[in-house]
Amino acid sequence: MNSPDGVSMDNLRVGKKQDDRACKSVELGKEIIFYVNGKPTQAYQGETIHAALICAGYRQFRKSKTNQPRGVFCGMGVCYECLVSIDSGPRRQACVTLVEEGMEVQIDAG
Amino acid sequence: MPAEKYDVAIIGGGPAGMSAASILAEHSVKTLLIDENGRLGGQLWRGSAKPAGVSRFINPLNNKINLAATTGYRNGSLLVHSPACVLGVFPENNILLSSKEEGIKEVKAQNIIFATGAREKVRPFEGWTLPEVMTVGAAQILLKNHQVLAASEILLNGTGPLIYLLAGNILKQNGRISALLDRSTFTNLLAATRVIGGQLPKLGQGCSSLGYLLKNRVLPKYRRQIIKAENKGDLIEATTVEISSDGTIVSGSSRQYKTQIIAVTNGFVGNIELPQVAGCELEYSSAKGGWFVTVDSSMETSVNTIFAAGEITGIAGGDKAVIEGRLAALSILHQSERMSKSDFENKQKPLLVKRKQYQRFGTYLNHQWAIPSKEWDTIDDDTIICRCEDITIGKLRSWIKTGFTSSSVLKRATRCSMGNCQGRTCGPLIYDILAAYAPATNKRPFSARMPVKPILLGDLAQVEVIQ
């Protein structure tokens, strides 16, 4: 379920091909590369880490206190379920932290 | 270190905060607008995702914002500080801020307007903690802010207009909907047209989504609630039942659906933590969506010079928030003698009438979203309520049974609400659970303390105390 193959890429980011009201306000920045557990992964400048991770097919971001898989829940900085480690630093909320070129994100997907 | 001083600090840059900002800017009031996101607009308007910047004068992007905000930008009276998080508000309106660029600093304002908005509430079920279960808002943000469909196949469950809006958006992006399960009934939906009253655009939006659903042959199923989500290899299996209006399960109504992602919503609760820290009086009303900040017709809270606007004074949506933001700004202009009494009253009156209309719509929605107290009995003991500390409803029920019937003692006994989110997710559920199992006990929300959001101790240690 957590492998990047779980999601068909054909159905991701379909919005950018269309002139749609829901997506008109979105301007995707330039393409960048960041790393997920060492694996080079594509993202766009200006988007959050959680969007880039979901887009790449990751669902589980961490484990809970009793070792249960957790991922994006509220998506707006409230629930702290999407905590990931960034550049070996303390864990931050993936849904409110912007992804950056070369950033090393560590998720606990095991 | 002297604190930066402002006439007004607005905390929250959504519909309420931005409406207030635009009026204050028009009158050249020195205003600081603080928002924790890198873009203004809040969860409803959502300005486009902008790379982080701090303390810069910006032109709010959203076309819904009165151009007066641009005036403020030009005459230099409006300063936007975002993304920045307010950690606490202290006596004499000292505000402690944290941002990546400037670390932690303190600012001071003659008046504060809290416009901290709302968060989603979700009816818990077995497996709602799976990474494949997210809020409708989360799925909507991924789509609208980032052009990301959470998965090619999504199941929706909950109540209210949001599930239809998201369903419409998913279909527009060629996503598939495994099922659209509305906890409400079709008759209730029709009843909405009565309370919508003067809000025709809202009706139009609803019809546009429904049109998309019909075109794609997605028909909502009513009264359905997920009671269990399980990981079945490549897909998630959702077990659903029919819930009757008193909260009991209709026997023999169980039905399974397979999907990739489940999106759920059961209404909203106000982000009342900061006003609470500032000492503002709170009240509880199910018609207003739970705990809310008490305000008078000037939108002033129980604390002089502190105002509240938007969802935190009662859940009713963005239109009410805009009205209240304006009301708060006008009151400040009047109180600071920048606006005459007659001018103020002329402007205030029609806004108060509209506010009442929108509040009626809010009451209808909050009633729809309410979880009947009997329904809590149908939730299995091992279902997690506090997601940070992994505390189950079984544990909460057994402590309540032994007499731990207030939120604060329950917190101390079980550690519920003591994790990273500080009870933001489980708090509203625990208030419901307490109301269901200990209805006689006086209601009180969890206490909120500075810092209202977790920060690193090292950062806090660097704060210089203002004399």
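B:W399 counts as partly exposed, since its relative accessibility is 28%; the scale here calls a residue buried under 20% relative accessible area, exposed over 50% and partly exposed in between, using a 1.4 Å probe and protein chains only. B:F404 is partly exposed too, with a relative accessible area of 28%.

Before going on, note that this is a predicted model, where local features need pLDDT of at least 70, side-chain atom pairs count only at pLDDT 80 or more, and totals for chains, interfaces and linings use all residues. Residues are numbered from 1 along each chain as its sequence is written, chains are lettered from A and ligands numbered from 1 in the order in which they are written, and side-chain values use heavy atoms, with hydrogens and water left out.

**Rings**

Rings of Phe, Tyr and Trp (its six-membered ring) pair if their centres lie within 6.5 Å; planes under 30 degrees apart count as stacked, over 60 as edge-to-face and the rest as tilted. By that rule there are 7 aromatic pairs over all chains. Here are two of them:

| Ring pair | Centre to centre | Angle between planes | Type |
|---|---|---|---|
| B:Y284 and B:W291 | 5.3 Å | 70 degrees | edge-to-face |
| B:W399 and B:F404 | 4.7 Å | 90 degrees | edge-to-face |

A charge sits over a ring if NZ of Lys or CZ of Arg is within 6 Å of the ring centre and within 35 degrees of the ring normal. The charged end of B:R387 does this with A:F73, 3.7 Å from the ring centre, and B:R387 also lies over the face of B:W128, at 4.7 Å from the ring centre.

**Helices**

Helices (H or I, at least four residues) and strands (E, at least two) are DSSP runs, numbered from the N terminus. Take helix α11 (residues 393–401) of chain B, where B:I393, B:G394, B:L396, B:R397 and B:I400 are buried. They cover an arc of only 165 degrees around the axis, so they sit on the same side of α11(B); the arc is that of the directions from the helix axis to the C-beta atoms. What covers them? Among the elements doing it are β20 (384–386), β21 (391–392), α12 (407–414) and α13 (427–437) of chain B. After α11(B) comes B:G403, with a positive phi near 110 degrees.

Helix α5 (residues 161–172) of chain B is mostly covered, with 9 of its 12 residues buried. Those include B:I163, B:Y164 and B:L166. At 1.5 Å a residue, α5(B) should span 16 Å, and its end C-alpha atoms are 17 Å apart, which agrees. The expected span is 1.5 Å times one less than the number of residues. Just after α5(B), B:N174 has a positive phi of about 60 degrees.

**Strands**

In strand β3 (residues 78–81) of chain B, both faces are covered: B:L78 and B:V80 are buried on one side, B:L79 and B:H81 on the other. Strand β2 (residues 31–34) of chain B runs parallel to β3(B), joined by 4 bridges; strands pair if DSSP finds at least two bridges between them. B:V80 is the bridge partner of B:L33.

Finally, B:E242 is found in strand β13 (residues 235–242) of chain B and is partly exposed at 28% relative accessibility. B:E242 touches residues including B:R223, B:R224 and B:T248, where contact means heavy atoms within 4.5 Å.

Note on methods
Lists of a residue's contacts leave out its neighbours within four places in sequence.
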